[in-house]
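Visitor: Hi, I'm new to this one and would like a slow walk through it. Could you put it up on the screen for us?

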Amino acid sequence: MKLEGKSILITGANRGIGKSLISQALDKGVSKVYGTCRIPGSLNFINDDRLVELVMEVRDIESIKKAREKVSSLDILINNAGVLHNIPILTSEDKLINAQEEIEVNYLGPLNVCNMFWPLLVKNKNNEEKGVIVNVMSTLAKVTYPFCGTYCASKHATLALTRGLRAQLSDFNVDVLEAYPGLTDTDMTEGLDHLPKVSPLKVAKKIMSAIENNDSEVYVGDDSIEMAQQILTDPEGAQKEANQYMPDPLTSS
Ligand SMILES: NC(=O)c1ccc[n+]([C@@H]2O[C@H](COP(=O)([O-])OP(=O)(O)OC[C@H]3O[C@@H](n4cnc5c(N)ncnc54)[C@H](OP(=O)(O)O)[C@@H]3O)[C@@H](O)[C@H]2O)c1
């Protein structure tokens, strides 16, 4: 698929991977980029007539609806907004609210955004062009790291959502791309500076290339590529390896 002349919507576009996705989309010659953010004015860092800022809280259906009213046509939707709280499955009661946020943002967010926007992505069947949905996931959608078990659960849910989407949209000329960035140098991974990270720009470039190549999956970064390979060849071994990353020891009292 050619990106030139297309319109694209990117959620969580004010920082991290989303911010790089905006600059890459503009570089590729898209005609319009709808970038979503929660605080108005957060996309002022880019001065380009093709950029339209939409205010969207992905946990709020009314907010998604209002954003939808401002979009007249769309070729590509990228569900990028996400949140990570580093909470294990067994945790204190007051941290469970953060686990709820992970499910609401990482799973229910894309679910609601897709339900609102998919009709815009449907192209004429005789037309060679397709619509595309990209869900930004993680190999943590396929293995569970105990120190952030609730985030992994939310991303596993997003993988199920993505597969369901692909099945339901196959008759509508809409492709679905699963994007699996490895550890990426954004606010989300602050404090993990001892580990190798890829740049958000590299992630954005690979996602744009995968859209151009009509791929159904894209893995970015050695950690993501290696984990994906191990999940294919030795899923139990992959989970065992992830089990080394435990949270603080549990106390039963
Ligand atoms: N960084 C990594 O290592 C890594 C690896 C694999 C996958 N991913 C995935 O990549 C995506 C982007 O992550 P990132 O690293 O760029 O994270 P980031 O720098 O923390 O940015 C997260 C983005 O999501 C937005 N967001 C969070 N909650 C939202 C909500 N309720 N409604 C609307 N927008 C919301 C944030 O907006 P605010 O500024 O308003 O909070 C921000 O724009 C996520 O889905 C993440 O799970 C990241």
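Visitor: Which residues form a nonpolar patch on the surface?

Guide: Ile 89, Leu 90 and Leu 250 form that patch, and together they have about 340 Å² of accessible area. Accessible areas come from the Shrake-Rupley method with a 1.4 Å probe, and for residues only the protein chains shown count as cover. Patches are made of residues with over 30% relative accessible area and no salt bridge, where like charges are joined within 9 Å and nonpolar side chains (Val, Leu, Ile, Met, Phe, Trp, Tyr) within 5 Å; a salt bridge is a side-chain nitrogen of Lys or Arg within 4 Å of a carboxyl oxygen of Asp or Glu. Please keep in mind that this is a predicted model, in which local features need pLDDT of at least 70 and side-chain atom pairs count only at pLDDT 80 or more, while totals for chains, interfaces and linings use all residues. Residues are numbered from 1 along each chain as its sequence is written, and side-chain values use heavy atoms, with hydrogens and water left out.

Visitor: Is Leu 90 buried or exposed?

Guide: Leu 90 is exposed, with a relative accessible area of 59%; buried means under 20%, exposed over 50%, and partly exposed in between (1.4 Å probe, protein chains only). Leu 90 sits in the loop between E4 and helix H3 (96-121), where helices (H or I, at least four residues) and strands (E, at least two) are DSSP runs numbered from the N terminus.

Visitor: And Pro 88, what does that one touch?

Guide: Pro 88 belongs to the loop between E4 and H3, and at 15% relative accessibility it counts as buried. Leaving aside neighbours within four places in sequence, Pro 88 is in contact (heavy atoms within 4.5 Å) with Pro 146, Phe 147, Gly 149, Thr 150 and Pro 247.

Visitor: Switching topic: which residues of H5 are buried?

Guide: In H5 the buried residues are Pro 200, Val 203, Ala 204, Ile 207, Met 208, Ala 210 and Ile 211. Seen down the helix axis, they fall within an arc of 160°, so they line one face of H5; that arc is taken from the directions from the helix axis to the C-beta atoms. As background, an α-helix has 3.6 residues a turn, so residues three or four places apart point the same way.

Visitor: What covers that face?

Guide: The cover over the buried residues of H5 includes E1, H1, E4, strand E5 (131-136), E6 and strand E7 (217-220).

Visitor: How far apart are the ends of H1?

Guide: The end C-alpha atoms of H1 (residues 16-27) are 17 Å apart, which agrees with the 16 Å that its twelve residues should span at 1.5 Å a residue; the expected span is 1.5 Å times one less than the number of residues. Its buried residues pack against several elements, including strand E2 (32-37), strand E3 (51-55) and helix H5 (200-212).

Visitor: What comes just after H5?

Guide: Just after H5 comes Asn 214, with a positive phi of about 55° although it is not a glycine. Most residues other than glycine have a negative phi. Asn 173, in the loop between helix H4 (149-169) and E6, also has a positive phi, near 65°, and Asn 173 is buried, with a relative accessible area of 15%.

Visitor: Last one: how far is Ser 7 from Lys 32?

Guide: Ser 7 and Lys 32 are 25 residues apart in sequence, and their C-alpha atoms are 4.6 Å apart in space. Ser 7 lies in strand E1 and counts as buried at 5% relative accessibility.
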